[in-house]
Amino acid sequence: MKLPIHVLAILLISMSFGLAPTAAQTAGADAATDQQDTRSDAERVRDAIQNDPLAPTVAPENHDVTIVMYSDYQCPYCRKMQPVLEALMEKDEKVRLVYRDWPIFGEVSERAARAAIAAQFQGKHEAFHGALMRSNGKLSFGKIRDTADEAGIDWDQLKSDMVTHKDEIDALLERSRIQATLLGFSGTPGLMVGPLRFGGALDLQYLETAVEQARKVDNKKQSDE
């Protein structure tokens, strides 16, 4: 497995979504010409991938590398990655983690993704996510409910939040789907480590190497600016 700097996919996304001005942006353009975004398309797309307002995120103070993982709760390789990510973040306190749900294994996977995203509204995403990733075998609707109970989720509130925030969750899942597709991922897990792209599960040593390489790439870019 290679450690590519996947600039091509970033540029492809920049041409495909997220960069056209919205009506609100256009309306305020004349009044904010002194605050124009001077970043490159690639930088703006990377920011959109790493900083979605609804994507669940674990963000230690003073982090300097962001890992974005596209995953499905029924994917065995995603489950394999969970303890690796936990071990990395325990060892390296400057790694930020963004969860991008990409439910590709059917209706149950989508329900699990929606439930996990909605768990944020009661401050329980991390507990629910971990419990789902530790589950064995195929998920079912009943197993999602049992896992929610295990994670201390208020089920009635979760159902209510899934309805109340349905449009937001729909939009997040669609953004993540488009990103994963345009980044060239053929399945889960897919990872962006800083500007680097990886398809498939990584062991801890490989992931640590990827993080260090991402730091070098970003540090070099900063020194060249």
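Q: How many helices and strands does the secondary structure of the chain contain?
A: The model is predicted: local features need pLDDT of at least 70, side-chain atom pairs count only at pLDDT 80 or more, and totals for chains, interfaces and linings use all residues. Residues are numbered from 1 along each chain as its sequence is written, and side-chain values use heavy atoms, with hydrogens and water left out. Secondary structure elements are DSSP runs numbered from the N terminus, namely helices (H or I, at least four residues) and strands (E, at least two). The chain comes to ten helices and five strands.

Q: What percentage of the residues in the chain is buried?
A: A residue is buried under 20% relative accessible area, exposed over 50% and partly exposed in between (1.4 Å probe, protein chains only). Of the 225 residues in the chain, the buried share is 43%.

Q: In what order do the strands of the open sheet lie?
A: Two strands pair if DSSP finds at least two bridges between them. The edge strands, S1 (57–58) and S5, each pair on one side only. The pairing in this sheet of five strands is mixed, and the order is S1-S3-S2-S4-S5.

Q: Which residue of S5 stands opposite Val 193?
A: Strand S4 (residues 190–193) is joined to S2 (residues 65–71) by four bridges, and these two strands run antiparallel; within this pair, Ile 67 stands opposite Val 193. Four bridges also join S4 to S5 (residues 196–199), again antiparallel. In S5, the residue opposite Val 193 is Leu 196.

Q: Which residue takes a positive phi in the hairpin of S4 and S5?
A: The two strands of the hairpin have two residues between them. A positive phi near 60 degrees is taken by Gly 194.

Q: Why do the buried residues of H7 line one face of the helix?
A: In H7 (residues 141–150), the residues Ile 144, Thr 147 and Ala 148 are buried. They line one face because, seen down the helix axis, they fall within a limited arc, taken over the directions from the axis to the C-beta atoms. The face turned away from the buried side carries the exposed residues Asp 146 and Glu 150.

Q: Which helices are included in what covers the buried residues of H7?
A: After H7 comes Gly 152, with a positive phi near 80 degrees. The cover over the buried residues of H7 includes H5 (107–118), H6 (125–133) and H8 (155–164).

Q: Which side chain makes a polar contact with that of Asp 92?
A: Asp 92 is in the loop between H4 (76–91) and S3 (95–101) and counts as buried, at 16% relative accessibility. A polar contact is a pair of N or O atoms within 3.5 Å; within protein, one must be able to donate a hydrogen and the other to accept it, and residues adjacent in sequence count only if both atoms are side-chain atoms. At 3.0 Å, the partner of the Asp 92 side chain is Arg 215.

Q: How many disulfides does a search of the whole structure find?
A: A disulfide is a pair of cysteine sulfur atoms within 2.5 Å. The sulfur of Cys 75 has its closest cysteine sulfur in Cys 78 at 3.0 Å, which is too far for a bond. Cys 75 is buried at 1% relative accessible area, and Cys 78 is buried at 0%. The number of disulfides found is zero.

Note on methods:
Contact = heavy atoms within 4.5 Å.
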